[in-house]
Every structure is written in structure tokens, then in C-alpha cells.
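Work through these exercises with the model open beside you. Try each task before you read its solution.

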Amino acid sequence: MALDVIAQSIRDAIAPVFLMSGVATMLSVTTSRLSRIVDRYRALINANPQTAITAAELVIMYRRSRVMHWAIAACTICALLVCLVIAVMFIGTEFDFTPVHAISCLFVASMIALITGLLLFLYEVHLATGTLSILAEAHGAGRRKKMKRD
């Protein structure tokens, strides 16, 4: 009988494990983006001509890094909460009680953390796109000035 209960608990824990896989992928993407932001920031700092455009890009890079930091934190909190969901499910099985309210509260909290992480990720993509438009505008403005002189 106890083996059947444990088998049922393992089956119930499969859905949160798939969620963990998705969150792990999200963490991989966000940490990769943060790494690229840091590398670009370092390259800009080491650039010889410190122009106004470079200074503006440095400000945006710093802001992007902060947003990615919080996105990673939110996704990590989500993963930890999902781990707690799984642990509470197994503890409930072991001690023969059903912690329905604890499981549902932890799951809702994990979804809120994941939504927060995804929204922060979306905001960082928006900032990155804004950086490109600033650079394109600056490059286009410089190009137009050269064309007018010729």
C-alpha cells in the first residue's frame, strides 16, 4: 500500500519537474544575455574614444545588466519554490497528510516569480532594441553630415 502512495506522489511530481526544465532553460538564456551584456560593457569601457554615444550606451548596458540580474533572481526564486512544492508533496506523502493549501500557495508564488522573470526579460529585450535604435540614429546622423559636406 505505501508503495502505491509513493508511486502516485512521483506521478504527481512530474508536472512540476517539467516546469523546472522550462525554468532552467529560461535561466540559461538570461545568464547568457547577462554575460554578453557584461562583455559589451567591458569592451565599451576599454574603447579608446570615449564619445557621448559610448557614454549613453554604457548607461543603457548598466541598466540592462540590472534588469537581467532581477530576471535571473525571479526565475531562481521560481525554481526554488517549485522545488519546495515537490518537497512538500513528498513530505505530505511520508507523514500521511495532504498539504493542499501549502502546495497551492507555493505553486501560485512560483508562477508569480516566473511571470516577473519573463516580464523583466521582455523589458531587457526592449532596452536592447532601444540601444540599437539610438546607435542607428547616431550612425545615420553622422553619415548624413558627411554626405552634406561632399
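**Exercise 1. How many salt bridges are there, and which residues form them?**

Solution. 
- Step 1: A salt bridge is a side-chain nitrogen of Lys or Arg within 4 Å of a carboxyl oxygen of Asp or Glu.
- Step 2: Count. By this rule there are 3 salt bridges.
- Step 3: Check the ground rules. The model is predicted, so local features need pLDDT of at least 70 and side-chain atom pairs pLDDT 80 or more, while totals for chains, interfaces and linings use all residues. Residues are numbered from 1 along each chain as its sequence is written, and side-chain values use heavy atoms, with hydrogens and water left out.
- Step 4: Look for links. Arg33, Arg64 and Glu124 belong to a network of salt bridges.
- Step 5: Side chains of opposite charge can pair when their charged atoms come close.

**Exercise 2. Examine the salt bridge between Glu124 and Arg33. Which helices does the pair tie together?**

Solution. 
- Step 1: Take the distance. Glu124 and Arg33 pair through their side chains at 2.6 Å, N to O.
- Step 2: Glu124 sits in helix H3 (residues 100-149) and Arg33 in helix H1 (residues 2-46), so the pair ties together parts 91 residues apart in sequence. Helices here are DSSP runs (H or I, at least four residues), numbered from the N terminus.
- Step 3: Score the burial. Buried means under 20% relative accessible area, exposed over 50%, and partly exposed in between (1.4 Å probe, protein chains only). Glu124 is buried at 0%. Arg33 is partly exposed at 24%.

**Exercise 3. Find the salt bridge between Glu124 and Arg64. Is Arg64 buried or exposed?**

Solution. 
- Step 1: Read the gap. The side chains of Glu124 and Arg64 meet at 2.6 Å, N to O.
- Step 2: Locate the partners. Glu124 is in helix H3 and Arg64 in helix H2, so this pair joins parts that are 60 residues apart in sequence.
- Step 3: Judge the setting. Both Glu124 and Arg64 are buried.

**Exercise 4. Which parts does the salt bridge of Arg40 with Glu57 tie together?**

Solution. 
- Step 1: Start with the atoms. The closest N and O atoms of Arg40 and Glu57 are 3.0 Å apart.
- Step 2: Assign the helices. Arg40 is in helix H1 and Glu57 in helix H2 (residues 52-94), so the pair ties together parts 17 residues apart in sequence.
- Step 3: Compare accessibility. Arg40 is partly exposed at 36%. Glu57 is buried at 6%.

Key
Helix = DSSP H or I, 4+ residues; strand = E, 2+ residues; numbered from the N terminus.
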